[in-house]
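Take a look first, then read on.

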Amino acid sequence: MSDSEISMVARLVEQQLAKPAITFRLHKSLRTMFDAEFSRRKTHETIYALLFSLAVFDLLLLGDTSTRGIPLRDAIFVRIVMVTLPALLGLMLIYKVRTEAVRNGVVALISLLVTIGTVAMFARTDSRFVIYDAFAFTLMPVIANTLIPFRFVYALASTVVNVALVNTAIVLTGNMPIDVLPAIYLSALVSLLTNYRLERNAIDTFLNLLLKSLRQFEMDEANRYLKIIAREDALTGLANRREFEATLARTWSSAVENLQSYSALMIDIDHFKAYNDLHGHPAGDECLRQVASIILQQVRASKDLAARIGGEEFCILMPGAQFQAAEAVAERIRAAVERARIPHGGIAGQVFVTVSIGAASCIAKFCENGETLVATADKALYEAKHAGRNRNHVMRLDLAA
């Protein structure tokens, strides 16, 4: 995401957290992210919880035949064929598709199948043990709404339908006193409240973690930007003087230790003051950017440092570069600026923008220091300007490569 998108999402999260806790309504983009995160984490948990619930449901088959007098064939048909096999197909669908709508829809369907199966078994017997079905009717919403990851809106719809089926079966069959209905209603209500709280906590946790991540990302980006502007020239994107000096000190020490050559180029735009006076400072800034871009294209990638060290002056540090390499880079830059044909017109005879370049090379071990090398390049630049501008002048210190 871009910086603006990150800020927008952060504002949405803050607005959402400020809303009353009673609402589940999320902004569309936040809902999409929450559903994706929730589905990833809950798919396997849902499958395991449903497998456990189906196993308990099928184990009750033993009681159907031994205490309730239901024929084994009928018990197997209801519990295995009518409920378990379709439920297993639903579990496969959850595993394959892995979306919130499918996961919650399948859970609701399996909950309905279990309720239908339990009601069917309840209606088939008049055994005195049928009273124990009251425990099953009480536990079903608790298991469905609290043990299985189930979105509240689905849990609410499923619970209403399932309790209505149980209520109808108890009233119509007369196999159980209707006094048990308040307990069933209460267990359903408590399970829904628990489900609501679980989902509310999941949303709050998700939003707080998301906001923390976004703020951390914004902070990291801000720090990265501060580091960049601390070493970059804001106008041209080249290194600034601070980065230039730090790089010179670091690379010079390495060159001394490894007996390497070192070269430096000083570059100055010819008659730049006259250019500014004629075209104005905005045009002057654009000229600086164009020349900086040309310089950057001609230096040795990943080896040289191009910096703007003030006004229209640029410097290139070339650690490891011998005299011939410095001379070649200087000529490439001079020629490239000339080919760019940037209109000048500031003084007579200066039709297009040109640069003058001074270069100096030495073996670092036998040169006083990096500042001496740069000062020599600056002296060479003066010689190039004195000789007529739009030219290069290269100097070698003693024992230069």
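Q: Which residues touch the most other members in the largest nonpolar core?
A: This is a predicted model, and in it that core holds 32 residues. Leu265, Ile269, Ile295, Phe314, Ile316 and Ile333 are the ones that touch the most other members. Strands E1 (261-269), E3 (313-319) and E4 (355-363) each supply at least two residues of this core, and so do helices H10 (272-279), H11 (281-298) and H12 (323-340). H12 gives the most, with seven residues.

Q: What makes a set of residues a nonpolar core?
A: Its members are buried residues of the nonpolar kinds, such as Leu, Ile and Phe, joined through side-chain atoms within 4.5 Å. In soluble globular proteins, nonpolar side chains tend to be buried together.

Q: Which residues is Ile269 in contact with, leaving aside its neighbours within four places in sequence?
A: Ile269 is in contact with Cys287, Leu288, Val291, Glu312, Phe314, Val353, Thr354, Val355 and Lys385. Apart from this core lies another one, of 31 residues, including Leu54, Leu113, Leu181 and Ile184.

Q: Why does Thr115 count as buried?
A: Buried means under 20% relative accessible area, and Thr115 comes in at 1%, so it counts as buried. You'll find Thr115 in helix H5 (residues 100-123). Not counting residues up to four places away in sequence, Thr115 touches Met140, Asn162, Leu165 and Val166.

Q: Why does Arg341 count as exposed?
A: The cut-off for exposed is over 50%. Arg341 has 52% relative accessibility, so it counts as exposed. Arg341 sits in the loop between H12 and E4, and its phi is near 50 degrees, a positive value in a residue other than glycine.

Q: Why does Asn390 count as partly exposed?
A: Partly exposed lies between the two cut-offs, under 20% for buried and over 50% for exposed. Asn390 has 22%, so partly exposed is the label. Look for Asn390 in the loop between helix H13 (370-386) and strand E5 (392-396). Asn390 isn't a glycine, yet it has a positive phi of about 50 degrees.

Q: How do you know what radius of gyration the protein chain has beside that of a compact globule?
A: Set the two values side by side: a compact globule of 401 residues would have a radius of gyration near 21 Å, but the protein chain has 40 Å. Along its principal axes, the C-alpha trace spans about 115 × 45 × 30 Å. As for burial, 44% of the 401 residues count as buried.

Note on methods:
Residues numbered from 1 in each chain as written. Predicted model: local features only at pLDDT ≥ 70, side-chain atom pairs only at ≥ 80, totals over all residues. Heavy atoms only, no water. Rg over C-alpha atoms; globule rule 2.2 N^0.38 Å. Buried < 20%, exposed > 50% of the residue type's maximum accessible area, 1.4 Å probe, protein only. Helix = DSSP H or I, 4+ residues; strand = E, 2+ residues; numbered from the N terminus. Contact = heavy atoms within 4.5 Å.
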